[in-house]
Structures are given as C-alpha cells and as structure tokens.
Amino acid sequence: MNPYLVPGLILVVVVTVGIGAYGLRFARTTSDFLVASRAVSPAWNAAAISGEYLSAASFLGVAGLILRYGVDVLWYPVGFAAGYLALLLFVAAPLRRSGAFTLPDFCQVRLSSTALRRLASVFVVFIGCLYLVPQLQGAGLTFTTVTGGSYVWGALLVGVVVTANVALGGMRAITFVQAFQYWLKLTALAVPVIFLVLQWQSDGRPSVAPPAGAVFPAATSVVVEQDATVDGVEVHKGEELYYDEGDRVPQVSTVDAHFGPEWLLPGGERTLFATYSLILATFLGTMGLPHVLVRFYTNPDGASARRTTLVVLALVGLFYLLPTLYGVLGRVYTPQLLMTGHTDAVVLTLPEAALGGGHLGRLLGALVTAGALAAFLSTSSGLLTSVAGVVFTDVLRAGRGGSVRDFRMATLLAAVVPVTLSVYVSNMDVSRVVGLAFAVAASSFCPLLVLGIWWRGLTDLGAAAGILIGGGAAMVAVLITVLGPPLDGWAAQLIGQPAAWTVPLAFLVMVIGSLLTSRRVPHDVGATMLRLHAPESLRI
Amino acid sequence: MGGDGTPERTRVVLGEVAARRRPTDRSHADLAEQTPVGEALVKGLVRAQLSLALRLALVVVTGLGALPMLFVAAPTVGAVKLLGVNLPWLLLGVLSFPFLVGVGWAYVRWAERNEQDFIALIRKPEQ
C-alpha cells in the first residue's frame, strides 16, 4: 500500500477537527452555531460555499463519467457551475434580504403558512438524505479502493467524524473548515495534473481516442468479478485476464461505456432528451439544495450576497476545468477501469498509473486521496448542518432561542438515518443519485423561490400544490430509479432523467393553483416585496 | 460585539440622530406606508431587476442551451478541431466557465446600478 496515504488522510482529519475545535472557542450562543453571527468575510464565505458544494460527485464522479462516456457528460460540470449563475440572477440578493435561514423559513416569510413550512421541511430532509447517502457511500468505496479495507468502516468513519464536527463546532467552525477544504480540493487536483500533462507530453502525446480503440499503456491483468462476455467471449467470476502493452481494450458486456467516435463526438438525437433534462436539473437545482441556501445568511446584506455568489461561480468554474483532464488522460493511462466499471476511481488511480509507483506517483496519489476525503467531509458537513437546522427548528420546535444542546441533539437525529442507510444500501449508483437530488430540488424549491421572489400572485395553496405534484413526481421517479426494476425505452428516459417534465409541471401547477386561489394572496405582499428587493440602506 | 461578548461602547450624539431623520421625505414615506406611489416604485424596481435577470438568462440559453441542438443539426461542427482539440470539448470543458462568470459579472454590475437608480429616485424625488 502507498506509504504516504495514512499520514495524509490522518492529517486531513486532524486539521478538519482542529479547525472545528478552534472555531468552537468563538461559538457561545445558538446564533453563533447556526449563522456564525454573520461575521464571515465574503472571500472566506465564497471559498466555504465552494468547498461545501464540490462533493464526491464533483471530485471523483465527474472525471469518472468523462472517462466512461466522453463529451456528452461534460454537461454535468457545466450545469453544476451554471446553477450558481441561476442562483445569482434570480435568488441571491432577495433571498438574503428576506432574512430566511432555511427554505422552510422562506415559506414562512413570504407566504406565512405553517403547513407549507412543514411540507418544505419534508423535502429538505428528503433532498438532504438523497445527497448525504451517496457521499458516505463514496467515502466507503474510496476506502475500499485505496486501502482494500471494508466498505462499512469507510462509510462509518466519515459519518462519525462529520457528525462530531458539526455537533461540536457548528457553522462558525465549518465556515473555516469548508474554506480550507476548497483550497485543499483545488490543490489536490491541480498539482498532480501538471505532472500528468508533462508525463503525457514526454510520452509523445499518445492519442486519447485512437481510431482503432483505446489500448493498454502497459501489461495489465484484470480479475473478473462477475460473469460477463469480453468481446463476445464468456468469462467467469474469479478468472484473471492478461493483456500486453499495446493490446486493444476489449468491451465488457456488463459495463456501459462509449468507445471511439461515440466517446469523442456529441451523441446527437439519441441523447438530446437526456441532455436537456440534465441541463434543466443542474441549472435550476442548485438553488434548491438545502446546504447551499443556508450559506447566504452569513452575508451581511443583499449586495454582498450577490458578490459572494459571483466569486463562488468563478471558484467552482476554476475547479471544474480539472476533472475533465483526469477523465481524458484516464483514457490513455487507466483503460482497465473501462473493463471493471470502477471508473469513479480514475482520479485516485491515475497518478500512480501514469507516473509509476515511485515516490512522485505515490505522493501525488496520496494527495488526490486526501482531496477526495476533503470532498466527502465538507459536503456531508454542510448537508448535515442544514438538515440538522431544519430538524432543530421544525421538528424539535426549538426556535432561535433553543439551546446549543438541542442543536447537538438535532445533529445526531439528522445523522442517524443517512449513516445507517449508507451502511445497508451499498449498490446505489453514486453520481446518478446526486443528479436525481438536483432534479428533485429543481422541481420543488426552484419554482417556489423564483415565483415567490418575482411574482406577487403566488399563494400558499398554489405553492403547496406545485411542490406536491412537481416535486412529488420527481421524488417518485427517483424512488423508482433507485429501488425499482431497470426500465427500457422512453420510460427509462422519462423516469431516469425526470427534470425535463417535472420542472415545467411544477411551475405550471404553481401558477395555475395560485391564480385559482388568488384571494389567498397575503395582504402584506407589498411590504414583503419591498423587503426582498429594496437595498438595505433604505430600510425603514 | 467584541470577541469577549461585551458590546463595544458607542457614542451617541444628539445632532447625528436629528440629522439622520429626514424631514418630509415623501418617497421614503410612500414606501413605508405602502401608498400607491410606494407600490409603484417597488414594482418598477422589481420589474427592472427581473427583466435584467431574464435578458441575461436568455444570453445563457442561446449561448449554451443551443449547443446540443447545434451538434444535432450540424454534426460536422463536432469534428472541427481547434488547437488539436475537438470543438465541443473546448466549448463545454473550457470556454463555458469564463462565459458564465462573464455573464454573472455583468449582472452584478447592472443590478447594483438599478439599485443605485432606485435609491437616487427615493432620496431625490420631484426634481
């Protein structure tokens, strides 16, 4: 095993807990725990938001998808970044000015409806869990890939570290933790990629998509984990296949991957529906993710919320330049992943595969693994804080005056279900589930926020109907995809990538429902609009 | 608030408080009392900000959202190479990010200008 690995991982955990404990010295009241007393500067805040946002799906999943499917899945990183532009254009400043800390708070501020608040809480917890489970699973899978240890221990370890950190340090602490982790994640991908590109240059720039198909860069052996056919020949579990340098990489029947021009060129009509569905989900889903919105409360005013979002967009965009390079170079140096299907491991395995097992390769391998750990830790911390915040205010009914001990209790409650699920459900597809969480958020909270901020006519019944029908449809599609049988043809497209129909449905139902119940428009809507849109300097 | 929990001492000067209270500021009062004039002012601001956001969203929809259609309508575009890289890879993997940041930067600039105009309108009514 890589000798730099254990010290590297221990360092990340110790620094994370250390910064969390350091932050604890400043956290005295519940308000400090939840919103850091709003004493966070925009640069720190933007780095923290980015650090929180770049999850396992971004750090490992995007490169893995590109290795597997090629140009078509570049829409994932583009959409993950563009989501912040939609957030900036339609939500950032007014949301900050509303003073809402969570999405349920926004329902209360804008529509003064307790029932809607409860409904929003249910969706926050659902989306939070949907996003948290794959993070912990990713942690478990990385643990298995890198150390050969058991999946359960990896998932449990990250689960316990995150729960302890959030319960003890709260948000003030994790602002600094998250900011540190953004820069760690960027460094962990940026430094190795320099060496990888130099290596690729000195190898004579081997083609990433040779016309005859991908070839093995060195002699490779692959152990068969399940019965399959390899280039039409049947193989059985336990067999070992050997390939020489320069052999063509065969296609395995159990692994879905693209080869040749299919990988290099856009998919055309066949993938058009899925592409647009993905664009809708990611562009509009980001604003509905619970851990993203909580962060806006830490800005002092609406204008700084806008500027923070712009910096986040730049930081996230900078980061997403890198996974593409890993996916593309993985085509040259780790094509065996296309046979095993463990493409998510490309970021972890590429440094050693390309640079050899010497000190440099191992050191960089340890660095990317430390970055992956940071990705699990930061996103799960942020998610857990926001889910715990909702449990704290809406389930325990503690309100803003509740004690710090109540918040710790809420954190424990919020952590139990996802951690338990991640231990028992290990066969869910990580990056797909994350995309589905975006689809649910885009079909429930996006219409609520956009219509709530810009349209006076929104009513509580209309909003509830839109969330129930649009968001509910997306939720059902997600449950069928994750738990149900595999589907074929159009049904598979409609259920597997639901955003293209659930998002317009949610908007439509919300608008029609509000028009039908127009007598229920809150009488103080004018005052609310003034509060959402007028600059703070005019506060009366 | 200081780090140790004690509020910082602030000096209260009566003249400052008196100066801060603007006498007979019609627009300000219109806003506060939700008069039809105040409502119209806020509606104007909301409309200006929304149309700005929608126009920039349209820029992104035509700039990025049309790409999948373009690749279907003209498959040869996908094979065009620039600096040895196929155009779709370059457009999506590299250029889309500075494009998004540029649109965001323009929005922040113009949205703040809208707000400045609104403040100027309230502070200096009937010229």
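What follows is a short exchange about how some descriptions of this predicted model are reached.

Residues are numbered from 1 along each chain as its sequence is written, while chains are lettered from A and ligands numbered from 1 in the order in which they are written. In this predicted model, local features need pLDDT of at least 70 and side-chain atom pairs count only at pLDDT 80 or more, whereas totals for chains, interfaces and linings use all residues.

Reader: Why is Val59(B) called partly exposed?

Author: A residue is buried if 20 or more other C-beta atoms, placed from the backbone, lie within 10 Å of its own, exposed if 12 or fewer, and partly exposed in between. Val59(B) has 15 other C-beta atoms within 10 Å, and is therefore partly exposed. Val59(B) is found in helix 3 (residues 36-65) of chain B, where helices are DSSP runs of H or I with at least four residues, numbered from the N terminus.

Reader: How do you know that the radius of gyration of chain A agrees with that of a compact globule?

Author: The radius is taken over C-alpha atoms, and the globule rule is 2.2 Å times the number of residues to the power 0.38. For 540 residues a compact globule would have a value near 24 Å, and chain A has 23 Å, so the two agree. Buried residues make up 58% of those 540 residues.

Definitions and conventions. Helix = DSSP H or I, 4+ residues; strand = E, 2+ residues; numbered from the N terminus.
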